[in-house]
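Please view the sequence and the structure together while reading.

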Amino acid sequence: MNSETSSNNVSDVSDLNNIANGNLQAQILGLTDSHIHYFAQNAQFPETKVGIHQQVLPAFQALVAKGKDVGITIEIASGFRSFERQLLIWNNKYTGKTAVKNIDGETLALAELSSLEIIQSILLFSALPGASRHHWGCDIDIYAPNLLPKEQSLQLEPWEYEPTGPMAILTEFLAKEAQPLGFYFPYDNYRGGVAAEPWHLSYAPLANKYQQAFDMSTLKQCLNETDIKGKNIIINELTNIVKQFVLNINPNNLSTATPATGATRG
Ligand SMILES: [Zn+2]
């Protein structure tokens, strides 16, 4: 896999060149991390790093500071993910190495499903490689480790973020503080595509641009060159998959207020 195959034809989005160092389509597909800043969140584990878009850093740091003021330690559970990583997640689910669950959290018996049903089931919780917003670096899954009960590890399940869950205070905090800093929730509700993800924040000034530049034919070319499981059906159904699982998100993203922090460069 190299990025040359997907770096063509970005002339119609030439105003996006300042998003990062050139290769916009490669960033969208997760084929490069040239736009990513890696950092350790916990001084005790300096080798454990997460990555986010360089230009999201000021807004993220502002959010962390606001959280700290009210006793909420905000950390990233999942930031940037490469195409390769997403491909591994995908293939592990398709082959049953990792459990594939339905919307109620029940593990599915893959042998009873058609290939298309397996694909649609995976897409409920895991993005198609090349079409994950985590490739962009401006989308992050967040949680507050200091709100977790001691014996409990984070599951990233909606109940944890509901009013009776351990992350309830974080949810309340984000409802107030995220949008003024330029963040919104693309998966605020289940719309028949991706399941609700109350932990998934998207930095609108960048995400909107990536979303507008997203190109299905480039994605198709990219997938064609990989050993993704279910490839033929994915390629045949790509238009529907993109419509149902990639573009089917919170429509209020474009109305997000201009961020108060310096959004142009960290
Ligand atoms: Zn996410």
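Which residues does Phe183 touch, not counting residues up to four places away in sequence? In this predicted model, Phe183 touches Ala59, Ala178, Leu201, Ser202, Tyr203 and Ala204.

**Strand pairing**
- Strand β5 (residues 183-184) and β6 run antiparallel and are joined by two bridges.
- Phe183 has Tyr203 as its bridge partner in β6, and Tyr203 is also among the residues that Phe183 touches.
- β4 and β6 also run antiparallel, with three bridges between them.
- Opposite Ile140 stands Leu201 in β6.

**Faces of β6**
- In a regular strand, side chains alternate between the two faces of the sheet.
- Along strand β6 (residues 200-203), His200 and Ser202 point one way, while Leu201 and Tyr203 point the other way.
- All of these β6 residues are buried.

**Nonpolar core**
- The largest nonpolar core has 58 residues, and Phe183 and Tyr203 touch the most other members.

- Most residues other than glycine have a negative phi.
- Leu156 is not a glycine, yet its phi is positive, at about 55°.
- Leu156 sits in the loop between β4 (139-143) and α5 (158-161).
- Why does Leu156 count as partly exposed? Leu156 counts as partly exposed because it has 16 C-beta neighbours inside 10 Å, whereas a buried residue needs 20 or more and an exposed one has 12 or fewer.

Note on methods
Residues are numbered from 1 along each chain as its sequence is written. This is a predicted model: local features need pLDDT of at least 70, side-chain atom pairs count only at pLDDT 80 or more; totals for chains, interfaces and linings use all residues. Helices (H or I, at least four residues) and strands (E, at least two) are DSSP runs, numbered from the N terminus. A nonpolar core is a set of buried Ala, Val, Leu, Ile, Met, Phe, Trp, Tyr and Cys residues joined through C-beta atoms within 7 Å. Two residues are in contact if their C-beta atoms, placed from the backbone, lie within 7 Å. Two strands pair if DSSP finds at least two bridges between them.
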